[in-house]
Amino acid sequence: MIQIGTLPPPKVATRELPAAAKPAVADAAAALEKKFGKKASADIARGVHFCALVWDWSTSATGFVAFCTSHYHPPGKERSQLLGRLDEALHLVRGTMTMVGMSNRLGLDLQTGELTPSEELLGAFSVATHLDQDLRTFNVAALVQLNFGTDDLDPPRTREAWVSRRLSRVGRTVIPSELSAEASKRSAEVDSFVAGFNIHLDKIDYPDASVAFPKDTVRISHWGLRDYMMGLNGEKDPLPRQHAIRDLMRRVVDGEISREALGNPKVRWNLRDNTVTEGGKTRASTPIAALRWEKFKRAYDVQRQIDPHTAFGSIIDNKFKLEREMPEEKVVQILTDILSDPVVERVGAYLSRRLGRPLEPQDIYFKSFQSGSKKPPLPFDIAKKYPDAAALEAAIPGILVRLGFKKDRAKWIGSKIQVDNSRSAGHAAAPGTTFDKARLRVRIDKKGVTEESFNIFMHELGHSVEQVLTSYEMDYKSLWSVPNTAFTEGFAFTFQDKADFILGRKSVADPDAVMLQRLWEVYEIAGPSLTEIRFFHWLYEHPEATALDMQKAVRTIGDKVWKDYYARVFGAEGYGLMSVYSHMLWCIFYLADYAMGYVIAYQVRKFLSTRDFAPEMERLCALGSIYPESWMKAAVGQSISAEPMLRDVDKACDRLLGKA
Ligand SMILES: [Zn+2]
């Protein structure tokens, strides 16, 4: 095992130039200026700098000047030609690797028969793992960086400039293989730790002696505990049991779960005197203390080692600048807009009336705003109409025509989508190249399609149609797809919303209740998202922090978020709920993606719901994978914002609270 702290210094750090490189960089710039004149000097300085960042200085410092002088393409016609060439060539490299990967995974993804260990082996085989290093070895990275390298984040103004921005990422980072191997090992450790964090609710003696759970009630923290707690809402006298579970969630955050009882069905844990009993013997229980953060810290420590090899140097900056491509201030602003909007108090008032009591902290997870509406049966046998994947595939052009696509267009889109019977409930995979197809996967019973699987099919069809419209006809290959998954979910949900329409039935969902549900979901996740962002800043400000320091900090930060944004709805005591998300332990810093996903998908969906659907979807898809904010402005004429959702919820509240 690698001891973090004793690793060799990085061979090629992406962020800083070695001192030995500086004379060669100056020589290269001088040589290029001599050739292309002073007017090119700013572009030359940019090019040699970024080229130097990816150059292998350990072997060939002397070749750098010669390389730059023969591979620099001055802005204008020559640069454009290189851009077109790289756009095609690199797309084909990545796209064919995607196709190979899909082929290797077929046994894992599709219901092709028994899932054998050999299929698992083949499914894990990737031909792309050394691509970044190979781009360096063959100096493709150096070529790209010399001509297109930049850290600029201002939105480009032309399509060609967008392509240039996309190319600027090529070959920029190579994580040393010993570090990425260690990172994946440690993330697997966190995986199995989180997966094993099971609490046997029925093997605990609670302070409230009236609380008891059925035999073998075992739930994972925090998802399982949360969902079980909410499921109690329909039952008689749920509060004592909900309080008991809420207290267990608080104990998870504060490290007060019994080590002996965790995941162990043979142990009985008495909370009244904090003892554990096993095989007739009773002893004091040992708390897990900072165990969760010890696991986190192992994953985090190796990520800090990886930082100098990344484009922006920290987990925080890479997440916002490289992955989300949204400024941190903007994301935080949207989160706090949601958290501080007065409409959450109105939805809270509605929920309180429905529950018949003042709200309590666990009500933040309430999910049943729409319960009670029953769909009438279909007038035909859906399993007969769609017996298998081939029947669904054949139905696609007809469905698209009903959604407003012209007949020929619907036929063409349908010809690019292959439907398969999947092992998972459903997923959609974009075409890797122009000679590939979009793959729509949905699980279909032997007896044929059910209403549930048809719903999933419609959701995945939204993804697949988006994937077709954002690829084959796109002006540049580097701009295939949409900015991120939140955008494609906007299309997927729009299609899913139309499932009843396609099946020939009026929707029975109460649109106002649906609105309240959407707000409550995003309100719930916005707090943990903000907690995580503040916690990561705290981590970088406290590089020497121990696991115990981390446990305390995440609780303190979460409590402040609770006090500022939730106390007015649920009361002052938050029981640590802001800090309970197990997602944080993976150190992948992505909770805010959920919140932003709800916001972005809502805007896309709302826009499409009142427009001429097919031509507007075509127009939106043609924008391609530019920055999220640029996409949203060009698509719907607005900034990314929670405002449309918040105001629609306000109107839904007017109607619902008026109905009392
Ligand atoms: Zn989806």
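Which residues have the most contacts inside the largest nonpolar core? That is where I will start. A reminder before that: this is a predicted model.

The largest nonpolar core has 159 residues. Inside this core, C68, L519, V599 and V649 are the residues with the most contacts. Helix α23 gives the most to the core, with 12 residues.

Take V649 as an example. Leaving aside neighbours within four places in sequence, V649 is in contact with V343, V347, M515, L516 and L519. Note that L519 was also on the list of residues with the most contacts in the core.

Now to helix α23 itself, which covers residues 511–541. How is a pair of packed helices described? By the angle between their axes and the distance between the axes. For α23 and helix α15, residues 328–340, the axes come within 9 Å and cross at roughly 135 degrees. The crossing of α15 past α23 is left-handed.

Which residues meet there? From α15 they are V332, L335, I338 and L339. On the α23 side they are V522, Y523, A526, G527, S529, L530 and I533. Sorted by type, the residues of this contact are nine nonpolar, two polar and no charged.

In α9, residues 159–167, the buried residues are W162, V163, S164, R165, R166 and L167. What do they pack against? The buried residues of α9 pack against α4, residues 77–104, and α8, residues 140–148.

That is all I have.

Terms used. Residues are numbered from 1 along each chain as its sequence is written. This is a predicted model: local features need pLDDT of at least 70, side-chain atom pairs count only at pLDDT 80 or more; totals for chains, interfaces and linings use all residues. A residue is buried if 20 or more other C-beta atoms lie within 10 Å of its own, exposed if 12 or fewer, and partly exposed in between; C-beta atoms are placed from the backbone. Helices (H or I, at least four residues) and strands (E, at least two) are DSSP runs, numbered from the N terminus. Two residues are in contact if their C-beta atoms, placed from the backbone, lie within 7 Å. Axes are lines fitted to C-alpha atoms, for helices over the stretch in contact, and angles run from 0 to 180 degrees between N-to-C directions. A crossing is left-handed if the near helix is turned anticlockwise from the far one by less than a right angle, and right-handed if clockwise. Ala, Val, Leu, Ile, Met, Phe, Trp, Tyr, Cys and Pro count as nonpolar, Asp, Glu, Lys and Arg as charged, and the others, Gly among them, as polar. A nonpolar core is a set of buried Ala, Val, Leu, Ile, Met, Phe, Trp, Tyr and Cys residues joined through C-beta atoms within 7 Å.
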